[in-house]
Amino acid sequence: MDLADYRKKLYDYLVTQMSDIAPNWAALIGEMVGARLISHAGSLTNLAKCPSSTLQILGAEKALFRALKTRGNTPKYGLIFHSSFIGRASAKNKGRIARYLSNKCSLASRIDFFADGATTTFGEKLREQVEERLRYRL
């Protein structure tokens with residue numbers, strides 16, 4: 001019971017921090033996946049600096065370098081795979097949706113980093129665009 005309470009408090013803390021630090025990012029991809037990506041990149045600053053192709057495979061560096069070394073296929077997604085968008089896509093379109101989602105996430109991270117006020121309007125619009133693309137691809 002104590003562990004469940006701790007987990008709930010930790011999740012509530014994560015939601016409040018993400019709404020303060022990166023509201024558009026949280027509105028687009030969710031708090032858990034967003035926090036994992038920010039943590040893996042080091043900061044929102046580093047995330048805003050990296051291109052969308054890097055953001056797409058963030059978390060799959062080991063597989064990427066192994067593929068480059070053996071001249072195999074490079075990974076299509078890293079931590080972004082845990083997003084609900086990728087899970088809803090068909091197997092054939094997972095790579096395309098991952099690329100499109102990483103593009104929108106890159107925009108959201110830059111908006112959050114450079115914006116003066118905290119608003120979720122851009123994140124909600126970007127989420128609608130991704131959902132529209134997902135409906136179109138299914």
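**Notes on a predicted model**

1. Let's start with Leu134: setting aside neighbours within four places in sequence, this residue is in contact with Phe85, Arg88, Ala89 and Ile97. Please keep in mind that the model is predicted. Leu134 sits in helix α9, which covers residues 121–137. Is Leu134 buried or exposed? Its relative accessibility is 4%, so Leu134 counts as buried, the cut-off being under 20%. Leu101 is 33 residues away from Leu134 in sequence, while their C-alpha atoms are 9.9 Å apart in space.

2. How many salt bridges does a search of the whole structure find? The search gives 3. In helix α9, Arg127 and Glu131 are 4 residues apart, about one turn of the helix, and their side chains meet in a salt bridge at 3.6 Å, N to O. Arg127 counts as partly exposed because its relative accessibility is 29%; Glu131, with a relative accessible area of 25%, is partly exposed.

3. Helix α9 also holds Arg135 and Glu132, 3 residues apart, again about one turn. Their side chains form a salt bridge at 3.0 Å, N to O. Arg135 has 53% relative accessibility and so counts as exposed, whereas Glu132 is partly exposed at 46%.

4. Lys8 and Asp12 are separated by about one helical turn because they are 4 residues apart in α1. An α-helix has 3.6 residues a turn, so residues three or four places apart point the same way. Lys8 counts as partly exposed at 49% relative accessibility, and Asp12 counts as partly exposed at 34%.

5. There is a nonpolar surface patch to look at too: Leu3, Tyr6, Leu10 and Tyr13 make it up, with about 490 Å² of accessible area together. Tyr13 belongs to helix α1, residues 2–21.

6. In helix α3 (residues 31–41), the buried residues include Val33, Gly34, Ala35, Leu37 and Ile38. After α3 comes Gly42, with a positive phi near 110 degrees.

7. Finally, the aromatic pairs: the count comes to 2. One of them joins Phe113 and Phe114 edge-to-face, at 4.8 Å centre to centre and 75 degrees between the planes. Phe113 counts as partly exposed at 33% relative accessibility, while Phe114, at 61%, counts as exposed.

Definitions and conventions. Residues are numbered from 1 along each chain as its sequence is written. This is a predicted model: local features need pLDDT of at least 70, side-chain atom pairs count only at pLDDT 80 or more; totals for chains, interfaces and linings use all residues. Side-chain values use heavy atoms; hydrogens and water are left out. Patches are made of residues with over 30% relative accessible area and no salt bridge: like charges are joined within 9 Å, nonpolar side chains (Val, Leu, Ile, Met, Phe, Trp, Tyr) within 5 Å. Accessible areas come from the Shrake-Rupley method with a 1.4 Å probe; for residues, only the protein chains shown count as cover. A salt bridge is a side-chain nitrogen of Lys or Arg within 4 Å of a carboxyl oxygen of Asp or Glu. Helices (H or I, at least four residues) and strands (E, at least two) are DSSP runs, numbered from the N terminus. Buried means under 20% relative accessible area, exposed over 50%, partly exposed in between (1.4 Å probe, protein chains only). Rings of Phe, Tyr and Trp (its six-membered ring) pair if their centres lie within 6.5 Å; planes under 30 degrees apart count as stacked, over 60 as edge-to-face and the rest as tilted. Contact means heavy atoms within 4.5 Å.
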